[in-house]
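Please look over the sequence and the model below before reading on.

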Amino acid sequence: MASTHRNRGSEVLLAYASPSICPPSSESDTSPISPFRDGRRRKNRDSSEDSDSVELPDGLINEDLRAGGPYLCAIPTRSVSLRGTPIFNQIEHRMQHLVQKISQILHSYRITTEALDICGRISRIDPEPAVIPTVFVVTPARSIIDSKWVDACRQLLDFFRKEALPQFSVEIACRRAFESPCYFPVKRTDAIYPVWHQVLDCIFKDVELTGVNAIECFRVGYNVNQDESQPTIVVSVNRRLSRNWKYIRERIVNIINSMSLWSVGVSIGPGEVLRQIAFPLDGFKAEAQAGLNLGVHRSEKSAGTLSGWIEIEHPRTKRWQKLALTCFHCVDPGMDSVHSSQQNRLKFWQTNGIQPEDPHAKTVLRVDQPSEKDIKAGLEELDHRIQVIAKDPKYLRFKNALDTTGFLIPPDRSSYNAMKAQKEKYEREKQHILNFKSHNEHELGYVFSASGYREERVATVKHPSENSILDWALIKPMPSRTGSTNDILGYGTPTVGLPERLILTETMGPDMSEITTVFKAGRSTGYTQGTYNGLESAVIADKIVNGQTVRTRTLEHAVCGRHGQWFGDRGDSGSFVFTYSGTVIGMIFGGNTDRAISYFTHIVDIFNDIKKITGASNVRIFGDI
């Protein structure tokens with residue numbers, strides 16, 4: 001049966017306007033500049049046609065870099081084998097005939113094929129209920145946007161219908177369609193840099209923000225060279241919301257045109273800001289470790305990262321107390337995980353924060369390191385590795401020969417001993433984890449104090465009226481788990497060129513004008529390198545206030561992943577952001593689901609809020625004496 005889904009298309013650029021190729025002269029004409037006179041190239045839903053509807057009458061789509069239908073999965077996508085599915089039984093013995101005919105049709109349209117596959121296709125971020133059977137064709141770059149690709153798709157679909165295979169879609173795309181853009185910081189010399197807050201204020205005033213999740217400004221391009229990328233206002237929106245994003249694009253274009261920001265483009269595409277909810281064996285140590293995972297006690301629901309150790313000074317005794325730092329959302333069990341008698345209290349904590357040594361927090365907000373989720377994952381991974389060796393045909397043959405004859409030739413004996421030693425190593429590691437857990441050595445402590453989910457003015461964001469997110473928690477550890485330092489390289493092997501031994505012992509002041517390259521160590525993506533963006537990102541979200549949904553916005557510090565790679569991912573919340581020399585800049589609290597962008601709170605703002613909530617007279621990173 002043919003697909004009845006609406007053709008989604010790529011859903012990468014829902015609306016786009018390039019920097020102006022030929023900026024208009026304003027010396028003799030002060031009238032508003034129309035879209036036809038501002039020198040900007042425009043796209044709607046990945047098509048230069050820029051029409052309101054990109055679907056053709058027969059339901060196919062002809063984008064700049066991709067064409068086909070009747071159903072194209074949203075990018076990013078992945079291909080999966082159809083083997084084992086009912087449809088594979090229909091095509092298995094006809095595969096040579098199908099491929100030959102597909103190739104003939106493509107050749108007749110002079111479409112060069114780099115890759116051809118008959119497979120299932122599915123979106124990675126917003127997956128379909130089932131894979132879409134697809135003829136998937138990859139071609140070189142498309143130089144002319146014409147009807148050739150979509151005409152070929154029509155003929156291929158007609159052929160498959162005649163072959164009694166109407167459930168297939170056809171997808172023709174160049175490799176560029178699946179490449180992720182690279183994000184770089186805006187340069188201080190770029191025209192938009194000194195007026196970014198002014199641009200944001202105009203957008204907040206003139207643009208209706210329903211469905212908008214973030215407004216940011218980066219240099220964006222498909223080359224790893226920052227100089228070849230263009231300053232672009234990047235708007236992340238709800239992919240499930242049907243809205244005329246062209247209209248929003250033009251509202252923003254009108255704003256930047258009125259400010260003569262001709263070198264700045266506008267890009268609107270899917271993206272959601274999430275609080276981010278490589279697992280090393282040496283995470284199972286008595287001492288808690290900076291940069292490793294943690295989670296709610298005895299819960300498999302969540303896992304985040306332990307930032308490291310800080311100290312707070314008691315205002316009266318002047319004694320310093322050592323505590324662990326992470327994000328509050330990493331240790332928040334959620335309403336559905338606490339007893340009904342504690343739900344009002346948890347709601348109060350989420351809204352107002354937690355005062356030091358709240359007696360209820362000692363029982364309700366307990367924390368593990370490693371988390372239950374990662375302990376389970378670690379055991380499953382070791383079981384898998386053990387079984388791979390135990391079921392290996394060569395290992396079984398060697399073992400059987402030894403059991404029956406007691407003899408193996410020297411090369412076989414050497415090979416068997418190596419496999420056996422590796423299997424026993426994994427078994428020892430598994431037993432170590434089981435012992436660690438059975439003795440409750442993974443319990444880290446309880447939440448001593450926390451920010452809750454609050455938004456307030458902070459010192460390092462210079463906008464006169466916009467708030468920033470505060471999301472931190474201090475953990476009072478079990479006495480047996482306090483022996484470690486902020487040795488950020490205490491596990492694993494970094495691949496980002498950090499010094500051999502790096503202990504975080506100092507913090508950055510509020511001035512970050514000289515900061516460019518930054519690093520982090522986190523639960524999910526380990527050691528990564530990124531670049532600090534000097535322009536804050538506007539993060540927009542819905543909150544429930546007195547039973548009413550309210551749109552709120554905050555300004556946040558942002559880091560671009562290096563060369564298009566991700567700086568952080570789900571589970572990296574709580575990671576310290578630091579310099580090459582080990583100076584702590586801030587703590588990651590979230591990131592963008594569709595872009596290599598992470599958000600962090602400056603350490604100055606965290607320490608100021610810790611003093612406000614706890615009453616501490618001073619706060620410092622452990623070791624900063």
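The report covers domains, nonpolar cores and some backbone details.

## Basis

This is a predicted model, in which local features need pLDDT of at least 70, side-chain atom pairs count only at pLDDT 80 or more, and totals for chains, interfaces and linings use all residues. Residues are numbered from 1 along each chain as its sequence is written, and side-chain values use heavy atoms, with hydrogens and water left out.

## Domains

The protein is divided into domain 1 (1–23 + 37–54 + 180–271), domain 2 (55–178), domain 3 (292–370 + 445–621) and domain 4 (372–441); these bounds come from an automatic or database domain assignment. The centres of domain 2 and domain 3, taken over C-alpha atoms, are 45 Å apart.

## Nonpolar cores

A nonpolar core is a set of buried Ala, Val, Leu, Ile, Met, Phe, Trp, Tyr and Cys residues joined through side-chain atoms within 4.5 Å. Buried means under 20% relative accessible area, exposed over 50%, and partly exposed in between (1.4 Å probe, protein chains only). The largest core has 59 residues, of which I312, L325, L474 and I610 touch the most other members. Helix α12 (residues 603–614) gives the most to this core, with five residues; helices (H or I, at least four residues) and strands (E, at least two) are DSSP runs, numbered from the N terminus. Domain 1 and domain 3 each supply at least three residues to this core.

A second, separate core of 36 residues includes W196, V212, L261 and L555.

## Backbone details

The I75 to P76 peptide bond is cis, with omega about 5°, and P76 sits in the loop between β4 (66–69) and β5 (77–80). R45, not a glycine, has a positive phi of about 50° and is buried at 19% relative accessibility.
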